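Subject: Structure for you, with notes

Hello,

Here is the structure for your files.

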Amino acid sequence: MSTQPRVIVIGGGASGLSAAYTLMKRGLRPLLLEATDQIGGRMGGDRIDGFSTDKGADFFPGSYDTTFRLCEELDVPLRRLSMDIGWHRCGRWAVTTPITSAGTLLRNIRAARTLDLQSLQGTWAILKLVRSLKADAKYLNYASSHRIAEMDTDETYGAYLDRLGVPEPLRLTLDGFLGLTMGNPEEFGSTWIRAFLAEVLFKPDKLFTPVGGCSHLTEVLADRLGGTVHVSTPVRRVVIENGKATGVVTDDGFMEADAIISSIPATKALAIMPDLPERIRDALDRVQYSFGIRVVMGLDHPPLPPGWSVALYPGDDTPSLMDRTVNLPECAPSGKSLLDLWVGERRAKDLMTLDDEAVVRALLADAHRNAPPGSTLPQYEEAVCKGLPGMFTAINQMRQNIGSDLLNLRIAGDFMRAPIVNGAITSGIETANEVADFLEA
Ligand SMILES: Cc1cc2nc3c(=O)[nH]c(=O)nc-3n(C[C@H](O)[C@H](O)[C@H](O)COP(=O)(O)OP(=O)(O)OC[C@H]3O[C@@H](n4cnc5c(N)ncnc54)[C@H](O)[C@@H]3O)c2cc1C
């Protein structure tokens, strides 16, 4: 039996996998317990019919030093993203390209006007914003040595925009990009969002993603960890006695550990570690998360106009649209595409109670309302009727009474009889005869 100390890592997201991998490299004996049946957490993905999707993280800004080193070590190649973005504002579309030369600057002038980057007030606010980000550049970045905590205040991002006098149209432009993953960013802390602006919005030509998508990195990590990863093993409780963690309780009972790493969101950590010292609980209590809904679908054609990778609807609840295969063609079989639709918290709250099918239907309907010019977004297409319990009775009763409820209108379709071809044909012939009889009379 091994005498190496046993370390239990709770959670198989990016942090848990990196922790377990590092422990293994240090000659320790990690055991990673993941609650769901998949590793990756918010950097996970799915492989379906030759498509590979990311469920969470999409890109890495240029300052991700530790991540890039890990990618290099694990032989995970990175690709620089091209971010040609369509913005829908005031009923019009404008397309921006990362400004990397005088040529791209000129090409973006019309878009800048649409996005209020050129009005006097907008220009002034942008100058103040850029100046403030530059002044605090050494704090506002995502490198491992960042000093964000030194700048942390109680100010929200919304209050920061107020303080700078950023006019509403420009606010909407900034929110459009932030809203892609953050829902309503104005409630977020100003320091955190300012770091995002500095790292992402003002450096759009320095965004990267692993070839194969961000989830590819978590897959490679899990591969290296082999049998140390146990999925479908939720930790129900971490046992802490006299300030020392002794083990974890899973559905199979108690597992002793020499050390434990909790790599799960703070909200969940609080739930499984009720005995944490007050000071730690208080800090974890301050951590909150946004939520949103993302629908990813495989298509046999590019959904957005040629060259566009993203379509944004600032200030609007229309889902953002992203064609992942513009940057990552290998994530779909040849000639096919992947469309991501994402809505932030405000719209997501309305959709949370619906089933998956209704969510897809609602998001596609929203996306169609102001579809980009030349786009070919999928329609919600009916497949096979489910014939749910009670449907046949309800339809049958309706069919028998339709003549007394409506004079000259009949409804045909497979669902009116047996929802198959024969039912469709029967229903078509039947209603045609009824209408003909009505007209003759
Ligand atoms: C839609 C979206 C887009 C994003 N885009 C980006 C981006 O482009 N770039 C970027 O850098 N970041 C992005 N992020 C953030 C990034 O994905 C996360 O910061 C990061 O993946 C978090 O990793 P983690 O390991 O800390 O947590 P998680 O990924 O949440 O991992 C926690 C894991 O623990 C498991 N778990 C929970 N409870 C238990 C339990 N009791 N027992 C066992 N296991 C448990 C969970 O199932 C999960 O697998 C995005 C996030 C989302 C949601």
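Predicted model: local features only at pLDDT ≥ 70, side-chain atom pairs only at ≥ 80, totals over all residues.

Residues are numbered from 1 along each chain as its sequence is written, and side-chain values use heavy atoms, with hydrogens and water left out.

Overall

Along the principal axes, its C-alpha atoms fill a box of roughly 90 × 65 × 45 Å. Of its 441 residues, 44% count as buried. Buried here is under 20% relative accessible area, exposed is over 50%, and partly exposed is in between, using a 1.4 Å probe and protein chains only. A contact is a pair of heavy atoms within 4.5 Å. Among contacts in the protein with a separation of 6 or more, 63% are between residues 24 or more positions apart.

Helix α7 covers residues 157–164 and helix α8 covers residues 168–182; they pack at about 155°, with axes 12 Å apart. Axes are lines fitted to C-alpha atoms, for helices over the stretch in contact, and angles run from 0 to 180 degrees between N-to-C directions. The α7 and α8 crossing is right-handed. A crossing is right-handed if the near helix is turned clockwise from the far one by less than a right angle, and left-handed if anticlockwise.

On the α7 side the contact is made by Y157, G158, L161 and D162, and on the α8 side by R171, L174, D175 and L178. These residues divide into 4 nonpolar, 1 polar and 3 charged. In this classing, Ala, Val, Leu, Ile, Met, Phe, Trp, Tyr, Cys and Pro are nonpolar, Asp, Glu, Lys and Arg are charged, and the others, Gly among them, are polar.

Helix α8 bends by about 35° at G176, the bend being the angle between axes fitted to the seven residues ending there and the seven starting there. Because 11 of its 15 residues are buried, α8 is largely enclosed by the rest of the structure. The buried residues of α8 include R171, L174, D175 and L178, which also take part in the contact with α7. G176, where the helix bends, is buried as well. Just after α8, G183 has a positive phi of about 70°.

How many residues of helix α9 (residues 190–201) are buried? The count is 11 of 12, so α9 is largely enclosed by the rest of the structure. Among the buried residues are R194 and E199. The cover over the buried residues of α9 includes α7, α8, α5 (120–135), α6 (148–151), β5 (60–61) and β9 (207–210).

N184 sits in the loop between α8 and α9 and is partly exposed, at 34% relative accessible area.

Helices α1 and α10

The axes of α1 (residues 14–25) and α10 (residues 214–225) come within 10 Å and cross at roughly 35°. This crossing of α1 and α10 is left-handed. From α1, A14, L17, S18, A20, Y21 and M24 meet T218, L221, A222, R224 and L225 of α10. By class, that contact has 8 nonpolar, 2 polar and 1 charged residues.

Single residues

Most residues other than glycine have a negative phi. D49, in the loop between β3 (45–48) and β4 (51–54), has a positive phi near 50° and is exposed at 68% relative accessible area. C90, in the loop between β7 (85–89) and β8 (92–96), also has a positive phi near 50° and is exposed at 75%.

R347 belongs to helix α13 (residues 345–351) and counts as buried, at 16% relative accessibility. Beyond its neighbours within four places in sequence, R347 is in contact with D317, A362 and D366.

Regards

Methods:
Helix = DSSP H or I, 4+ residues; strand = E, 2+ residues; numbered from the N terminus.
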